[in-house]
Amino acid sequence: MTSLIKKNASGHAADGDANLLINEVVGVSGGIGEAARLARAAAYDEFLRGLLPTRDGVALLAVGGLGRRQCAPYGDLDLVLLHAGVPGTDEVAASVWYPIWDAGLRLDHSVRTVSEALSVAQDDVKVALGLLDARLVVGDRALADSLIRTAADHWRRTAVRHLPGLREVTEARWQAHGELAFLLEGDLKEAAGGLRDVGLLRAISAAGITDALRPAVRAAHLRLLDTRDALHQQVGRRVDRLVAQERDGVGRRLGLEDGDALLRRVAGDARTVSHALDDAFRAADRLRSGRSRGGGGRPARRPVARDVVEHDGELVLARTAIGARPDPSLSLRVAAAAATTRLPIARATCEWLAAYCPPLPAPWPADARAALTTLLGAGPGLVPAWETCDRYGLIDNWLPEWTRLRSLPQHNPVHRYTLDRHLVQTAYEASQHAREVERPDLLLLGALLHDIGKGLTGDHSTVGIPLAQAAATRIGLPAAEVELIGTLVRLHLLLPDVATRRDLADPVTIASVAEAVGDTATLDLLHALVRADAAATGPAAWSDWKGRLVAELVARVRTALDTGVLPEPPTPDPALLAGPLPVVHLTGDRVSVAAADRRGLLATVAGCLALHRLEVISADASVVDGRALVECRVQPRYGLPPDPVPLRADLRRAVGGDVSVTQRLRGRALAARGGGAAPRVVWHREAATDAVLLELRAADAAGLLYRVACALDEAGALVRAARISTLGADVVDAFYLVGGWPDDATRARLEAAVLDAV
C-alpha cells in the first residue's frame, strides 16, 4: 500500500481514503494466486500498523486468513488485541476497530489477556484452532510469542482428546453443506473437502499426529484458494458458494476452458482434501485407542471375509493374500467387505491393490460378479467404500467407462450431484427396493449404469444402451440379462414421463407401456429404478403426487400384462352428478367442478386455481348426463394450501360467469408471464384413443394453464384431459384434443394461438 489511511478530525478514516484502502487491498486489477494473497496480507499489515503505535504490553495478532497470509479479495479480518493488563485498553481497541469498520471491512475481533485467550481456547476448540494461525502484526513481540507458543504447546498435548468432539462438529457441518466433490453448487469453504477442512488438516499436523499436509493436499489447497479468489472477483463481493451462473466466468479467470472444467478440478481437489482428512481422523483414532490400552499390546486381527481382516479399525489384507499372485477379484472383494462392515480400507492396502492386483479378465469370474453385487447392495457402506476405491484408481480397472463419468456435471436444476456420485447414489437407493424385484442383482447393476450415456451427443437413454450392454457383457452376464440391462437403460424414464404427461385412463396409454415393458418382472425393475433414480437426483425430482401417479400407472399396466385386458377408466365423482349446478367439491388434493356449459370450463377452473396459487398437476374434462365436469389434481405453488372457503366461493362465481372474477383471473395471469427459451409445440397423433395430443414445452409460470386453455377454447378445440409436468423452471403440458385434427393448416393455426398465449 502506497500510503496509510488518513484519519479525519474524529480519528476515523475518511470515506475517500476508506475506498482507496478497499481498492488497493482487494486488487481490482487482478490478483489471483499465492503472490496476490501475500500482497493483500502485506497491505492489510501496513494499514493495521498505522492504527496501533508500538508499545509494551499490547500486541495486535492476526488469525484466520490474515494470520496465514491467505487473504481472499473480499475476506474478513480476524484480529485479537492482546494486552498484559495495561490501562486504557478499551481506548486502544476503539482506535483500531473503528477505522476498520469505517473502511467497510468485515471484522471479527476480541480483546484478551494471555490467560484469558488460553482459557477460552481450552473450552472452545474453534478458538484453539484459530490460535494455531496467530501471527503478530504490530506491538509487543514477547507478549505475542508467549501466547502463540503456549497455545501451540497446549494443542499438541490435548489434540487427541479434543478431536472426537471436533469431528462431531465437522460431521454436522458436512451434513448441512454436503460434499464439495459431488455438488453442482458447493460451498468452497464449508462443504466437505473445502477450505475449512484444510484448516483441520493443518491442526492435526500441528499436533504431530500424522503428516496430513502432503504435497497433493497442499496443491489442492492452493487451487481451492485460487478458485475462491476468482469467485470473489467475479461476483465483486464475499461469496463462497460456486453457483452455476458464475462458473464459466470463474473458470475463465483461472485460465480454464469452461465451467465444467472448473467443476471437475474442484471435485478432484475436494476429493484429495476429504480423503486426507479421513486418513488423519483415523490416525487420531488409532493413537487414542493405543493410549487407552496404555501403550501395551498389539491390536488383534479379526477375519471379516476371504483374504480380508480387520486390524485396528481398518481393513487390511490377510498375510496369505499378499504372498502369492493375487486373485483378480481381490480388489472387489476387499471393497465389498468394506461396504458391508462399514470399515475403512487401510491406505497401504489400497496402494498395494492399485499396484499389484491384476486386471479382471473378460468376462469376469463368478467371484468378481458376486463381490460387485455385494458392494452395490451394501447400503450405507457403499458410497464411502466406492469413494476410497476410486481414490486409488481401482474403479477404472473394474469399469473403464468411469474415467469419462468421474465428476461430470449435470446441467439440470433438479440434480444435486455430479454424474458419478449420482450413479453410485442410485445404486444405494435401489438397494432399499431389492426385496421388491425378482432380480435384485440386475436392479443394482442397472441403477449403476442407467445414466452411462450422459455427456455424449444424443438422448442418453439411447446412446447409453450399447455402453451399458458392453459393461454387462464384460462383467459376465448372459445374453438375455445383457439385453435386460439395455432395456432398463432405454426405459428408465418411461414410467415417470408417461405418468405425468399422459392420460392414465386412456387404454392406448396403458397398452403402449405394456407393449414397451413386456412383462411384470421388467415392470417391477423399472418401478424400483424410477424411485431410486429420483431419490438420488434430489428432492425436486420426486413428490407424493408423482409417486401416486407412477404407482397408478404400474398397477394398470400390471393388470394389462397379467390378464391381457385393459383396465376400465375411473368413473367420475358421483357427487358431481347430483344436485343443482354448479357443483364444487374440494377433497385433499382434488378439485372437482360440474357446470351446465362445457365451453371454457377448464380455462375458468384453471384460472381460478392459479388465482389461489394452486398448481394443476392433472385435469380431466368430460360430459356425463348433460353435465360438464372438470376434475383436477392440484398442489400449492407456495407454502400451505389456500383457505377452502374463498376458493370454493370463487369457483362457484367464476363458473357462473361472474365478470369480476374473470377480470381478476386475467390480470393475475398476464402479470405472471414467464421468460426463458422459446416455447415449442409437439403433436402426437397416435397417443390417444379418441384424441390428438398437443404437447407444450415452455417456461413455467403461474396461470400458464389458464392462458393456454383459453387459447384452445377460443380456437374451437375441445380439451378432454390435460397433464402438467414441471421440470425445474420448465413445463411439459400435454392436452388431449377431441377429434382427429387431420388438417395441417388447422393444426398450424391452433399451434400459433397456443404459442401466442404463452
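In what order do the 4 strands of the open sheet stand, and what is the pairing? The order is β3-β2-β1-β4, and the pairing is mixed. Two strands count as paired if DSSP finds at least two bridges between them. Helices (H or I, at least four residues) and strands (E, at least two) are DSSP runs, numbered from the N terminus. At the edges stand β3 (107–112) and β4 (135–139), each with a single partner strand, so one side of each has no neighbour in the sheet. Direction ignored, neighbouring strands here are turned by 25 degrees against each other on average.

Before going on, some housekeeping: this is a predicted model, where local features need pLDDT of at least 70 and side-chain atom pairs count only at pLDDT 80 or more, while totals for chains, interfaces and linings use all residues. Residues are numbered from 1 along each chain as its sequence is written, and side-chain values use heavy atoms, with hydrogens and water left out.

Back to the sheet. β1 (residues 58–63) pairs with β4 in the antiparallel sense over 4 bridges, and leucine 61 has leucine 136 in β4 as its bridge partner. Helix α2 (residues 34–49) packs on the sheet, touching β1, β2 (77–83) and β4, and its direction makes about 30 degrees with that of β4. Helix α7 (residues 141–177) also lies across β1, β2 and β4, running at about 45 degrees to β1. Contact means heavy atoms within 4.5 Å; axes are lines fitted to C-alpha atoms, for helices over the stretch in contact, and angles run from 0 to 180 degrees between N-to-C directions.

A second open sheet has 3 strands in the order β5-β6-β7, with antiparallel pairing. Its edge strands, β5 (301–305) and β7 (314–317), each pair on one side only. Between β5 and β6 (residues 308–311) there are 4 bridges, and arginine 301 stands opposite histidine 311 in β6. Helix α13 lies across β5, β6 and β7, at about 160 degrees to β7.

Now for the cores. A nonpolar core is a set of buried Ala, Val, Leu, Ile, Met, Phe, Trp, Tyr and Cys residues joined through side-chain atoms within 4.5 Å; buried means under 20% relative accessible area, exposed over 50%, partly exposed in between (1.4 Å probe, protein chains only). The largest core has 89 residues, of which Leu375, Trp386 and Trp398 touch the most other members. Helix α13 (residues 330–341) gives the most to this core, with 8 residues. Apart from it lies another core, of 63 residues, including Leu61 and Leu82.

At 7% relative accessibility, valine 634 counts as buried. Not counting residues up to four places away in sequence, valine 634 touches Asp589, Val591, Leu609, Leu614, Glu615, Val616 and Ile617.

Of the 18 residues that line the largest cavity, the closest to its centre are Glu615, Val616, Arg637, Ala701 and Gly703. On a 1 Å grid over the protein atoms alone, a cavity is a set of points where a 1.4 Å probe fits but cannot get out, and lining residues have an atom within 4 Å of a point.

Methods:
1 Å grid on protein atoms, 1.4 Å probe; cavity = no way out; pocket = protein on both sides within 12 Å on 5 of 7 lines; lining within 4 Å.
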